[in-house]
Amino acid sequence: MRIEQELKLGFKDVLFRPKRSTLKSRSQVNLTRDFTFKHSGRQWSGTPVIAANMDSVGSFEMATALAQHGVMTAMHKHYTVEQWAEFVKGASKETLNKVFVSTGTSERDFEKTKEILALSEDLEFICIDIANGYSEHLVEYVQKVRAEFPNKTISAGNVVTGDMCEELILAGADIVKVGIGPGSVCTTRVKTGVGYPQLSAIIECADAAHGLGGMIIGDGGCACAGDVAKAFGGGADFVMLGGMLAGHEQSGGEVIEKDGEKFMKFYGMSSQSAMDKHSGGVANYRAAEGKTVLLPYRGDVNNTIQDILGGVRSTCTYVGAAKLKELTKRTTFIRVQEQENNVFGKE
């Protein structure tokens with residue numbers, strides 16, 4: 001047993017230090033990033049925010065809406081090949097270019113991924129997603145997928161430390177998904193005692209990935225637009241959002257009416273709700289590691305995504321970053337013990 005003494009940080013532990021800026025307006029800030037991926041060699045241009053691959057967030061409807069903002073969607077992995085075929089038939093190339101095909105690591109998952117990707121050349125992204133990215137099985141699976149799809153851009157995770165981040169990139173991942181336990185409906189830290197404060201995970205994994213020419217997705221822990229900006233400031237190339245994009249018309253969640261008000265069910269993908277829906281219940285060798293909540297129905301996601309991107313643009317004006325690419329170079333975080341004045345409650 002050993003103890004690391006260095007304190008690790010979450011988003012609530014820091015604020016941006018403002019810096020002199022020549023920008024006159026948020027409208028001058030460019031949030032588009034242009035990437036060339038290490039292994040696939042593909043080039044991509046867009047706004048590097050991703051809707052999470054949860055079945056109450058990562059829907060076909062969400063992908064269609066967010067693509068208009070240059071934003072990506074990681075589809076949940078429970079759509080059938082037939083449903084994918086219907087979506088591909090009606091979707092634009094621009095939308096398909098901003099979609100991740102999500103998969104687990106079983107042989108059945110592998111065959112299904114091949115069938116989906118065969119539907120269109122415009123499907124460029126694969127998201128290999130398991131809760132414990134420290135499994136040797138994930139590394140082997142990344143190698144297998146890279147061999148099968150040398151020209152596809154592969155994301156793999158989740159991990160929270162630089163060593164495993166490097167191993168996945170060397171195995172063939174272009175992007176590593178970073179985050180264990182920070183999600184709003186994730187209970188991994190409570191059930192297992194395992195986790196890593198998200199900002200420190202992003203900072204450390206970004207350093208490791210960028211040293212090898214890879215990239216990272218900061219996955220989880222964002223509760224407001226300021227957190228999204230902090231993730232980018234810490235070095236994340238992409239930021240994945242679950243709860244912030246849940247509860248909308250396009251989220252695909254179950255709508256429930258209660259006392260005359262509308263709510264949508266939102267749950268973690270390792271929760272009892274998800275297991276009951278997709279796996280016939282929680283297996284007797286494991287515990288559910290997610291919770292189920294009811295969110296007030298929030299209407300059209302277009303209003304929310306504009307608010308999030310507007311917040312990030314505003315961050316850039318405070319630190320003098322004309323482009324999102326410059327934000328991490330212009331970032332100085334200050335350690336704090338308070339974030340906001342809640343005397344009248346949260347917004």
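Exposed, in these legends, means over 50% relative accessible area, buried means under 20%, and partly exposed is what falls in between. Keep in mind that everything shown here comes from a predicted model.

**View 1. Glu249, out in a loop.**
Glu249 sits in the loop that runs between β10 (238-241) and β11. Its relative accessible area is 52%, and since exposed means over 50%, Glu249 counts as exposed. Which residues does Glu249 touch once its neighbours within four places in sequence are left aside? They are Tyr297, Gly299 and Asp300. For a sense of scale, take Tyr318: Glu249 and Tyr318 are 69 residues apart in sequence, and their C-alpha atoms are 33 Å apart in space.

**View 2. The open sheet β11-β12-β13.**
Three strands make up this open sheet, in the order β11-β12-β13, with antiparallel pairing. The edges belong to β11 (255-258) and β13 (292-296), each of which pairs on one side only. Going from one strand to the next, the twist averages 40°. How many bridges join β12 to β13? Five: β12 covers residues 261-267 and runs antiparallel to β13. Look for Met264, which stands opposite Leu295 in β13. On the other pairing, β11 and β12 are held by four bridges, again in the antiparallel sense.

**View 3. Two glycines with a UniProt record.**
The unreviewed UniProt entry lists Gly181 and Gly183 under "binding site". Gly181 lies in the loop between β8 (175-178) and α7 (188-192), and Gly183 is found in that loop between β8 and α7 as well. Is Gly181 buried or exposed? Buried: its relative accessible area is 13%, under the 20% cut-off. Gly183, at 24%, is partly exposed, because that value falls between the 20% and 50% limits. Beyond its neighbours within four places in sequence, Gly181 is in contact with Cys186, Thr188 and Arg189.

A pair of aromatic rings is described by the distance of the centres and the angle of the planes. Searching the whole structure gives 14 aromatic pairs. In one of them, the ring centres of Phe60 and Trp84 are 5.2 Å apart with the planes at 80°, which makes the pair edge-to-face. Phe60 belongs to helix α1 (residues 60-67) and Trp84 to helix α2 (residues 81-90), so the pair ties together parts that are 24 residues apart in sequence. What is the accessibility of the two partners? Phe60 counts as buried at 10% relative accessibility, and Trp84 is buried with a relative accessible area of 2%.

Phe110 comes from helix α4 (residues 107-117) and Tyr141 from helix α5 (residues 136-148), so the pair ties together parts that are 31 residues apart in sequence. Phe110 is buried, and so is Tyr141. Over which ring does the charged end of Lys144 sit? Over that of Phe110, 4.4 Å from its centre.

**View 4. An aromatic cluster.**
Which residues form one aromatic cluster? Phe35, Phe37, Trp44, Phe100, Phe125 and Phe238 do.

**View 5. Helix α6 and what covers it.**
Helix α6 spans residues 162-171, and its buried residues are Gly162, Met164, Cys165, Leu168, Ile169 and Ala171. What covers those buried residues? The cover includes α5, β7 (153-159), β8, α8 (198-211) and β9 (215-219). Just after α6 comes Gly172, with a positive phi of about 130°.

Key: Residues numbered from 1 in each chain as written. Predicted model: local features only at pLDDT ≥ 70, side-chain atom pairs only at ≥ 80, totals over all residues. Heavy atoms only, no water. Pairing = 2+ DSSP bridges. Helix = DSSP H or I, 4+ residues; strand = E, 2+ residues; numbered from the N terminus. Axes fitted to C-alpha atoms, helices over the stretch in contact; angles between N-to-C directions. Buried < 20%, exposed > 50% of the residue type's maximum accessible area, 1.4 Å probe, protein only. Contact = heavy atoms within 4.5 Å. UniProt positions renumbered as here; feature names shortened; annotations may be inferred. Phe/Tyr/Trp six-rings, centres within 6.5 Å; stacked < 30°, edge-to-face > 60°. Lys NZ or Arg CZ within 6 Å of the ring centre and 35° of its normal.
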